[in-house]
Structure formats: structure tokens, C-alpha cells
Amino acid sequence: MSEPRLEEMELVNYRAFAEPARISLAPLTFVLGRNNMGKTSLLRAPRFVSHILSPRAEAPFDLGLDGLPWGEQLTEVCYGDASFFQATLRFSGGSTREVAYQAAQTGHATTPFLDRLRIEGTHEEPLATGRELEWAPLRDRIARRGDLAQVHERIALMTASRGARRRGTEAHGGRTRLGPRGEGLPESMLSAKRSSPSRRRAFDRWLAKLADGAQAEARQMEDGRIVIFVRRGTEPWVPLAGCGSGIGQIMPVIAALTLGSEEARPDLWAIEQPEAELHPAVHPDVAELLIEAATAEGGPRLLVETHSDPLLLRVRAALAEERLQPQQVKLYVVEPHPDVGSRVREIPLDDRGTPGWWPRGLFAEPATEFRRIVDALARRDGRR
């Protein structure tokens with residue numbers, strides 16, 4: 001039996017989204033928008049809301065999941081003063097077509113609970129409905145379905161605070177997968193060097209391209225630590241902790257997309273700002289890394305939050321050059337809802353890379369500032 005693959009997610013009353021927020025996933029899915037609109041919350045949602053499908057989940061929701069600040073109470077995950085949120089996950093493959101639930105935390109409850117759960121597939125009726133559903137029996141019934149067991153584990157998150165320069169420069173071994181802040185990078189690099197030279201060569205190629213010819217290696221020290229060292233050309237090797245922040249930001253992204261084996265590779269990587277702290281001149285090459293990873297046979301699908309106009313322009317160029325097809329790319333903008341909270345809207349791209357519409361003012365800053373310079377100079381010249 002094939003494993004179900006998350007194809008669409010719909011959220012209500014989740015974080016900034018009082019009204020239904022729906023995204024469909026393509027090999028490359030981008031989320032745009034201004035600050036404080038809810039982009040990051042949307043990007044992290046697949047990892048959080050799929051937690052109920054994990055056969056190892058001690059509770060339906062883990063507010064400490066991946067060590068991230070989801071909130072002290074479930075109500076902090078809900079919109080405004082709401083005490084509940086709803087999530088619907090739609091799949092292709094496997095026997096499960098849809099998982100929908102409502103989560104709540106009312107005044108008398110000290111922990112979050114499910115008060116509605118529906119799992120629809122090709123062979124079974126909805127799994128459960130009721131009030132304050134007891135978790136352990138539900139978890140066991142979900143686990144017995146089999147096809148849902150790996151959904152949560154096959155969704156991975158890479159945050160914008162990954163900072164390998166600070167957190168992932170040294171390790172004592174033991175991690176088998178990259179963490180959301182770049183944890184496990186030294187182990188991944190060392191393992192690939194020993195077990196998969198081809199994956200390591202791909203990592204080296206992209207690091208040199210995106211970090212001005214840099215080379216990196218992970219070394220096992222006498223005290224058991226694994227330490228990353230970096231150099232350019234024939235310069236001396238120096239610890240990554242002493243290098244600029246840009247290379248520390250991009251190395252975990254490169255590792256996520258090149259070093260993982262097919263068996264351990266997530267089906268979905270949600271990556272926040274892969275271009276973070278890199279010079280804008282490099283952003284188009286970051287787009288090429290994403291394109292190569294997402295279109296490779298057996299490669300992961302990518303859900304990407306970005307603030308980079310050059311990165312998106314390269315994606316649009318790849319459509320115009322017919323290296324990408326429209327069905328391989330989806331573009332969403334998170335913007336203020338006319339009535340309440342934020343909303344998600346799709347920006348369709350055709351086979352020429354032309355958007356069907358464009359949010360007013362998004363990425364307009366260069367033209368706006370250039371016009372400001374022109375107007376200022378015209379005023380100055382008029383005074384002479």
C-alpha cells in the first residue's frame with residue numbers, strides 16, 4: 001500500500017486566520033507577504049497540525065514540538081479570543097483521503113483536547129465524533145490504520161533561526177536528521193562523507209556556488225565532538241563559529257536538500273527564508289538550489305517562505321525557459337483580510353512565468369525608492 005501524501009491543508013481559527021486559509025502543495029510552493037501577517041505560522045502549520053497522526057504522540061498536540069514557541073496553551077494557537085481551531089488535511093495515495101478535526105481548550109480544561117475528529121478513506125467511515133475525546137484509544141486506532149503512521153515524521157521544518165554558526169557548529173553525534181535550527185548538521189556532513197560521496201559532492205557544489213567558493217568539512221575531534229571547519233581557496237581552515245552568519249544560515253538548507261538519503265528524506269520540507277542573510281546577488285542561485293531539489297526524481301516537495309524578489313524572479317524565469325511547468329509551482333500571498341485577521345490568496349503563474357495578478361506594493365520598494373531619488377533630484381535642479 002502506498003503512503004498518503006499531504007496535498008492540501010485548510011485551517012480555521014489558526015493563529016492569524018479567522019476565516020478558512022487553504023493551500024495546495026506543489027513541488028515548489030512559495031508563501032509571500034509583509035511582516036506580521038502570518039506567513040511563518042502558515043509555513044509551520046503542516047508540522048504542528050499533523051502531530052495527531054504520530055503513533056508516538058503522548059497527546060494530540062505538543063506545544064513544545066521541535067523546541068519551538070507554539071504557546072503555553074492551545075488558545076495561543078487560536079485566532080484572537082477563540083478557544084478552538086479546525087484543521088483539514090487532504091491526501092493522495094494510501095487509503096486515507098482526508099483527516100479533519102477540531103481542537104479546543106476551554107476554561108475548565110488544563111490540557112488541549114479533540115472534540116471532533118473525522119478520518120475518511122476508501123474503506124472506512126469517519127473515525128470518531130464527540131466531546132473531549134479520550135486520546136489514547138484514538139491514537140491507537142489511528143496507528144492501526146497503518147498508512148498514516150509516517151505522515152508526521154515525513155514533514156520537516158527548517159526555521160529562519162537555524163543559525164548553524166551558533167547552534168550547529170559542534171555536536172557529539174547521535175542525531176539522524178537535521179533539526180529545525182540546523183541541529184545535526186555536523187553529523188549529517190560527516191555521515192555523508194563516509195557513506196555517500198555523491199551526496200557530499202552535491203553539498204560541496206552548492207556551498208561553493210552560494211558561499212563564494214567556500215569549502216567545509218566536519219571533523220571528529222579527540223574528545224568526541226564533531227566540529228565544522230570552513231575555508232576559501234587555499235586559506236587556512238577556521239571553525240564555522242568564527243565565520244559570517246550568511247554561511248551559517250545557508251549550510252543547513254543545502255544539507256537538507258542534498259545530504260539526506262532517499263529512505264530518510266522527508267516528503268515535505270518547510271523552509272523559512274532560505275535566502276536569509278545572503279547578499280541579494282546570490283538569491284537567484286538559491287532559487288536554482290530549490291528548483292533542482294524539488295524537481296529531482298524522488299525529491300522532497302518544498303514549502304518556502306521568502307522575502308526575496310530576485311529569488312522569485314528566477315523561478316518565473318525558469319517557467320519562461322520551460323525548465324519548470326506551471327503545475328510544479330504554486331505562489332500564495334498572506335495579506336490582511338478585509339474583515340478580520342489575515343487571509344491566503346493564490347497568485348497563479350502561467351507557462352511564461354507571468355502572474356495572473358499581483359498584490360499592490362509587494363516588492364515595489366526598488367521602483368518606489370528610485371522614483372523618490374528622481375523626484376528629489378528634479379526638485380534640486382529646479383532650484384538652480
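**Stop one: the cysteines**

There are zero disulfides in this structure, and keep in mind as you click around that the model is predicted. Select Cys78: its relative accessibility is 5%, so it counts as buried. Now jump to Cys243, which has a relative accessible area of 15% and is therefore buried, the cut-off for that label being under 20%.

**Stop two: a pair of helices**

Next, select residues 283-295, helix H7, together with residues 309-320, helix H8. How far apart are their axes, and at what angle do the helices pack? The axes are 7 Å apart, and the angle is about 50°.

Show side chains for the contact. Colour them by type and you get nine nonpolar residues, one polar and three charged.

**Stop three: two loop residues with positive phi**

Go to the loop between strand E1 (5-12) and strand E2 (21-24) and click on Asn13. Asn13 isn't a glycine, yet its phi is positive, at about 65°. Is Asn13 buried or exposed? Buried, with a relative accessible area of 11%.

Finally, look in the loop between helix H1 (39-49) and strand E4 (84-92) for Asp66. Asp66 is another non-glycine residue with a positive phi, near 60°. Asp66 is partly exposed, with a relative accessible area of 23%.

How values were computed. Residues numbered from 1 in each chain as written. Predicted model: local features only at pLDDT ≥ 70, side-chain atom pairs only at ≥ 80, totals over all residues. Heavy atoms only, no water. Axes fitted to C-alpha atoms, helices over the stretch in contact; angles between N-to-C directions. Helix = DSSP H or I, 4+ residues; strand = E, 2+ residues; numbered from the N terminus. Nonpolar A, V, L, I, M, F, W, Y, C, P; charged D, E, K, R; others polar. Disulfide = S-S within 2.5 Å. Buried < 20%, exposed > 50% of the residue type's maximum accessible area, 1.4 Å probe, protein only.
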